[in-house]
Amino acid sequence: MPNRHKFNGTVIHSQAFRDPARFRNKRVLVVGNGNTACEASVSLSKHAAKVYQAYRRGRAMFSREDEDGVPFDIKFTWPGLRLKYFLDYKIPWLTWPIANRATAANMVRDAARSEPAEPGESHAARSKRAEHRLREEWHLLPCTSLQYVNPIVQDDFIPALRRGDVIPLFGFQDFVGDSDVLLTDGTVVEVDVVVFCTGYGIDFSIMPELEMDGACALPLRSAQEVFKERSDLADPSKSCDRREQLHIPRLFQMMFPPKWASSIAILSWMAPQEPRWNILELAAMALAQTWAAETAKSIGMAGPTGNSYHSPASLPTEREMNDQVDAYHTWFRRQWARERSIRHGYVQGHLFYRFLHRAAGTGLYDQLDHVFSGYGFELWRQDRELWTWLAKGPLTSFSWRLFDTNPDGIPGCGRKTWQGARETVRQAYETCEAYKRQRRGKSKMG
């Protein structure tokens, strides 16, 4: 921030934002348009004299609950998401335009639910007014495609905008005075506090020798070189090219540096579409199986024989790993050229989740997949109850522990069944179904 010295107020990153009461009676500008920014603005509106939120473009925003009162995320099923990832991979030119239109329609529907109805006004007229607000007053539509970023999940932000508790502004441009901030539309706003909710960058300098870039005709760099470049960019006294640069670590399947894959793994880079901590647990399982297989191979331990269910989760050759890294870099840079706000480390769901489950040895894809795969009929025929719990129930990590994929107990060749997995999956399904019935009943009564 070259002109930060011109501003005499308080400037913090959201990482340091703890207590909104600290800013009582202050004029606060929140910069950003993600979950953190929206939560910060809503909480500040109860204490600050004025709350502004500056963002450059719209963002997909969903209510936590659908119109029937059921949380929207528990409606996602295992086969349904597998089908989505498959279609997104095979025909993205068709699926994403449809998904984008559905997202916009859902945002209008959610906003209309909390829009006060005029006497005798039709639902269509209320929806039209809500859409006008989203597009013309709040600039939340059009929004960045879910092809590149995850949505905001927020129930209180739209009502706060409607009440005037949070005032939407165009994007932050620069500090221009003691209390003045310049926005991208040329206007200047006076504030006492600026809270930047603009995310963060991952610093790989903890491993200076980690390889970066090296694909798409770009030179191979080290993390140490990239760190120095970023330090120079942050130093206004240095003369250098200050255009936005994109540096991507060379990580096989978002985890393994090809040169050191048998001894080093990085789990902080991946940005999954599904709940992050769940996927990190699955990634840790895959990592453990992979290194167990590599260790067994290095000491000459016998591999599976006969009809053993699961082959070793061994790493491919370094060249093959680098080929996969190059393919991912090519894909990601193509997406980044279209949309700069794409989350760094955003995974290709169809390929990535299959790799994790295969390496972790869950056996889940072999038992149940999307409708076009052919997997699932055998489970439906032999164990209708379990099929129902998995195909129609909530996504949980308990299902990763259902199937015995390593009958011989060979390191790196799968996992044993957890004896409590089936009962826990059943309980999760029945609890979820009971909750759905309860919420739908309350929604009808309301």
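**Pocket and cavity linings**

Biologist: How do the residues lining the second largest pocket divide into nonpolar, polar and charged?
Modeller: There are 8 nonpolar, 6 polar and 2 charged residues (Asp, Glu, Lys and Arg are charged; Ala, Val, Leu, Ile, Met, Phe, Trp, Tyr, Cys and Pro nonpolar; the others, Gly among them, polar). This is a predicted model, where local features need pLDDT of at least 70, side-chain atom pairs need 80 or more, and totals for chains, interfaces and linings use all residues. Residues are numbered from 1 along each chain, and side-chain values use heavy atoms, without hydrogens or water.

Biologist: Which residues are closest to that pocket's centre?
Modeller: Asp88, Tyr89, Trp96, Trp331 and Gln348, out of 16 lining the second largest pocket.

Biologist: And which helix supplies the largest share of that lining?
Modeller: α2 does, with 4 residues. Helices α2 (78–90), α3 (92–113), α8 (318–338) and α9 (349–360) each supply at least two (helices being DSSP runs of H or I, at least four residues).

Biologist: Switching to cavities, what lines the largest one?
Modeller: Ile202, Asp203, Phe204, Ser205, Met212, Ala223, Val226, Phe227 and Arg230. By class that makes 6 nonpolar, 1 polar and 2 charged.

Biologist: Which helix gives the most there?
Modeller: Helix α6, residues 223–234, gives 4 residues to the lining of the largest cavity.

Biologist: What about the second largest cavity, which residues line that?
Modeller: Pro249, Leu251, Met254, Trp269, Val325, Tyr328 and His329. In this lining, 6 are nonpolar, 1 is polar and none is charged.

Biologist: What counts as a cavity or a pocket?
Modeller: On a 1 Å grid over the protein atoms alone, a cavity is a set of points where a 1.4 Å probe fits but cannot get out; a pocket is an open set with protein on both sides within 12 Å along at least five of seven lines, and lining residues have an atom within 4 Å of a point.
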